[in-house]
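Please look over the model below before reading on. The report then takes its features in turn.

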Amino acid sequence: MTNTVIIIVGLSLLAIIVLTGLLAKMFRKAGPNEALIVYGFRGPRVIKGHGTVIFPMVENCRELSLELMSFDVAPQQDLYTKQGVAVTVEAVAQIKVRSDQESILTAAEQFLTKTPPQREGLIRLVMEGHLRGIIGQLTVEQIVKEPEMVGDRMRSTCADDISKMGLEVVSFTIKEVRDKNEYITNMGRPDIVRIRRDADVAAAEAERDTAIRRANALREAAIAKAAADQERVIAETASLAKQAEAQRNLDIQKAQFSEQSRKQQAQADKAYELQTNVMQQQVIAEQVKVEQVEKEQQIKVQEAEILRHEKELIATVLKQAEIERQRVENLASAEKSRLTIEAEGRASAIRAQGEAEAAVIFQKGEAEAKAMNVKAEAYQDWNQAAVVDRLISNMADVVRAMSEPLAKVDKITIVSTGNEPAAGVNKLTGDITKIAAQVPALFEALSGMDMHELMSNVKSMRTRPNGSATVDGK
């Protein structure tokens, strides 16, 4: 029984293993980079990215690569551009099978049994044909300068044909364009020259910019250095100022401390001096008190002595002085009476003498006044003749007074050079006569009276019977 079971189990396991192996052999898987084309009694199917069971004998399958195909598109013959220039174009194309099931089946129909080189050859022929047609529509300059445009045109042109094969153009890139007549080389010369010129200009501008930047950098460096130097100087100045301020504060504090020390020393000295003075004052006060007590005692003694001496004087001198004072008073009273009597006598005599003199002066003045009145009355009675007489009588005195300076001349020397009557000594007497002749004019100036008018009013002289001359009317 046991053996039977073991055999059964063993056979079962073997069957399971055989069945599992058979199923594993029937199950086919497709990776993400390939497609499994299954065909058979269930029709063509595309398996991509998963697995499926392939029944033996009724179904079969083939793998179709979905990976990118990259190959060169380089026609051996020369391609002629729109300008008729023969060029050789080399490009790189990248083609792959579309991801949709229909395109995969289309590609499977055309390439499933072909090897990769055969497949790339077929695609290359198609693309070279299209490339030849596109190159014929373009100029060399467009081909060389706009390769992206060529690639875009290539993709758009080949899209229909490639799509019919279940493919798509991922990219088409012009790798090289050349020609045998150096057309491309010469075409690039202006650009080369321009590029060189631009490069030279750019280099010059770069050098200029570099020089400018270098100069700016140097200037900024100089400015920064100057600023740094200025800041350094400012910092040094500030530091020196701080040091000076600190030194000044230190000196001030030293001075303050010294002043405080001196003040404290002075206060101490002053306090010592004050204390000494206080002590001395106390000593002096004590001495003064002692002296005061001594003086008080001396005063008391002196007062006692004065009192004693006063009593002695009263007893010995004062009585005699009182007697002497009474005697002197009596003598002074007698002398006073004598002097009073004498003064009254002299005053009476002087008063009598003054009264006599005053009476004499009064009488003299009265007599002179009367004489003046008489003279005035006589003047009132004077006529012009009396005035003329008075003037003429006084004229001699005037002439004498005017000639008086000549009388004081010690010696007169006269030098005469002519024989005229007015020369020599006659000249002197003539001058004196002229001086005398000026006297009437002087009288006229002083009195305001005209001499000729006065003299014309004088009555003419007539002869009296006794033979003497008399004035008219008299």
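## Model and confidence

This is a predicted model, in which local features need pLDDT of at least 70, side-chain atom pairs count only at pLDDT 80 or more, and totals for chains, interfaces and linings use all residues. Residues are numbered from 1 along each chain as its sequence is written, and side-chain values use heavy atoms, with hydrogens and water left out.

The pLDDT (the predictor's confidence in each residue, from 0 to 100) averages 82 over the protein chain. A score of at least 70 is reached by 91% of the residues. Residues 468-474 fall below 50. That stretch still has 20 contacts (heavy atoms within 4.5 Å) in the model, beyond near neighbours in sequence.

## Overall form

The protein chain has nine helices and eleven strands. These are DSSP runs, numbered from the N terminus: helices are H or I with at least four residues, strands are E with at least two. The radius of gyration is 90 Å, well over the 23 Å that the globule rule gives for 474 residues, so the chain is more spread out than a compact globule. That radius is taken over C-alpha atoms, and the rule is 2.2 Å times the number of residues to the power 0.38. Along the principal axes, the C-alpha atoms fill a box of roughly 240 × 120 × 50 Å.

Buried residues make up 17% of the 474. Buried means under 20% relative accessible area, exposed over 50%, and partly exposed in between (1.4 Å probe, protein chains only). The chain exposes about 34,700 Å², by the Shrake-Rupley method with a 1.4 Å probe. Carbon and sulfur atoms supply 58% of that area. Among contacts with a separation of 6 or more, 61% join residues 24 or more positions apart.

## Annotated segments

UniProt positions are given in the numbering used here, feature names are shortened, and annotations may be inferred rather than shown by experiment. UniProt lists residues 6-24 as "transmembrane region". That span is 100% helix and 0% strand, with its end C-alpha atoms 26 Å apart.

Residues 201-247 are 100% helix and 0% strand, with end C-alpha atoms 65 Å apart. Residues 285-338 are also 100% helix and 0% strand. Their end C-alpha atoms lie 66 Å apart.

## Selected residues

Valine 53 lies in strand E4 (residues 51-53). Its relative accessible area is 29%, so it counts as partly exposed. Beyond its neighbours within four places in sequence, valine 53 contacts Met26, Phe27, Arg42, Arg45 and Glu59. Glycine 136 is 83 residues from valine 53 in sequence, and 52 Å from it C-alpha to C-alpha.

Glutamine 76 sits in the loop between strand E6 (69-73) and strand E7 (79-80). At 73% relative accessibility, glutamine 76 is exposed. Its C-alpha atom is 8.0 Å from that of threonine 88, twelve residues apart along the chain.

## Cysteines

How many disulfides does the structure hold? It holds zero, taking a disulfide as a pair of cysteine sulfur atoms within 2.5 Å. Cysteine 61 is buried, at 10% relative accessibility. Cysteine 158 is buried too, with a relative accessible area of 0%.
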